[in-house]
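Good morning, and thank you for joining this group meeting. Please look at the display as I speak.

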Amino acid sequence: MEVELLELLKDLETLKRSLPDSSLHASIDKMRLRVDYVTNLANAAPARRSKVKDMSAEVVDTNPYSRLMALQRMGIVENYERIREFSVAIVGIGGVGSVAAEMLTRCGIGRLLLYDYDKVELANMNRLFFRPEQVGMTKTDAAVQTLSDINPDVVLESYTLNITTVQGFDTFMSSLKNKTFRPSKEGSGVDLVLSCVDNYEARMAVNQACNELNQIWMESGVSEDAVSGHIQLLVPGETACFACAPPLVVASGVDERTLKREGVCAASLPTTMGVVAGLLVQNTLKLLLQFGNVSPYLGYNSLKDYFPTMEMKPNPQCSNAACLERQKEYMLTKPVRDAAAKAKLEAAASVALEGPLHADNEWNISVVDDSDPDSIDGATSDALPEGLKRELPTADEFQNTPPAAVPTTTTVDDLEELRKQLEALNAE
């Protein structure tokens with residue numbers, strides 16, 4: 001843009017020189033001033049970084065991925081650059097979803113699909129991510145605006161729709177299974193769906209879509225009083241779906257909408273939502289990049305600093321027909337998976353037995369037996385360099401030094417004698 005503005009200034013100067021009528025020069029000068037103003041605005045705009053073709057582990061200030069690739073050098077992740085191959089859909093760009101989207105963007109995820117139908121309001125400013133100048137924009141548009149500035153390498157797709165409507169649900173389903181961004185992954189759809197919605201109907205819509213598509217997803221939520229939350233991994237057929245163990249209010253037949261009081265809104269703390277979003281994205285990275293233990297369910301209670309965990313098996317009497325179908329498929333393939341898992345464990349055990357107890361390492365660390373005097377160098381850790389001496393004796397010298405003579409003190413065992421001495425003092 002700056003180049004085009006400079007060219008425009010040159011054209012205006014040329015035009016001014018070619019005009020014989022000097023009365024028109026004032027108008028050209030006015031146009032030049034306006035171009036200068038626009039040029040200054042363009043120069044004052046925040047700089048955007050260019051796209052990076054390949055992730056590099058080079059430790060330089062200009063590398064946006066150096067600290068992420070350090071996970072690979074430290075052995076946490078086998079190949080961090082694989083993160084560019086994954087697609088993640090986030091449903092609900094609110095207090096949790098927007099922060100989760102930003103975290104994944106900063107981590108360099110390959111593609112993000114964003115779903116929401118709401119607009120940014122001033123009432124959302126107590127949360128993270130959104131800014132006052134974005135009030136009135138749809139949350140999806142505002143998210144794309146912010147995330148594209150943070151990391152232009154991430155492919156962003158936004159869907160401003162309500163997935164609980166018939167049309168919105170159909171669009172949601174087709175986008176999950178048809179939209180791809182790499183030729184090598186054509187037809188594979190998304191790798192993970194993150195549910196960050198705040199109502200039962202939307203959660204059930206995500207649950208239905210993922211059960212039908214056999215799609216792994218994670219559910220998240222924050223309590224109405226804003227001091228607790230949870231994340232949950234849902235694998236169709238293997239774990240309980242959202243309909244297998246519905247909330248008590250739904251299982252008891254109470255309409256969720258009747259519990260909302262007029263003029264009263266749920267509490268919202270950016271701290272609690274940030275914690276839940278962090279746990280959600282951490283679990284996402286562990287699942288996609290295959291490191292650590294993926295949490296099946298993790299709760300958070302900030303009042304007691306309590307993090308409960310549990311596993312939930314699918315309900316054989318689940319009301320969701322697609323869930324029951326996934327359960328049947330899982331049970332049919334279970335023997336094959338169990339045999340493969342057993343073979344993998346046996347292979348790992350045999351390698352561990354055959355391998356050396358202490359292999360060579362780049363730090364030249366060796367293990368010696370403290371009980372063997374020959375394995376310890378003659379110079380102990382208490383030895384000082386030549387020319388230095390200790391101000392105080394060492395522990396060995398102190399133990400070998402004979403105890404000093406302890407001065408004797410006179411004790412008075414006779415009470416009568418003690419009484420006489422006290423009377424003499426008082427008389428003086």
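Let me begin with a term: a residue is called buried when its relative accessible area is under 20%. Please also bear in mind that this is a predicted model.

We turn to helix α5, residues 139-150. Within α5, the residues Lys-139, Thr-140, Ala-142, Ala-143, Thr-146 and Leu-147 are buried. Where do these buried residues fall when α5 is seen down its axis? They lie within an arc of 155°, and so they line one face of the helix. Among the elements covering them are α4, β2 and β3.

That leads us to α4, residues 97-107. Here 9 of the 11 residues are buried, so α4 is largely enclosed by the rest of the structure. The buried residues include Gly-97, Val-99, Glu-102 and Cys-107. Their cover includes α3, β1, β2, α5, β4 and α9. After α4 comes Gly-108, which has a positive phi, near 90°.

Finally, the cysteines. How many disulfides does the structure hold? The number is 0. Consider Cys-241: the closest cysteine sulfur belongs to Cys-323 and is 3.6 Å away, too far for a bond, because a disulfide requires the two sulfur atoms to be within 2.5 Å. Cys-241 is buried, with a relative accessible area of 5%. Cys-210 is buried as well, at 0%.

Methods:
Residues numbered from 1 in each chain as written. Predicted model: local features only at pLDDT ≥ 70, side-chain atom pairs only at ≥ 80, totals over all residues. Heavy atoms only, no water. Buried < 20%, exposed > 50% of the residue type's maximum accessible area, 1.4 Å probe, protein only. Helix = DSSP H or I, 4+ residues; strand = E, 2+ residues; numbered from the N terminus. Arc of directions from axis to C-beta. Contact = heavy atoms within 4.5 Å.
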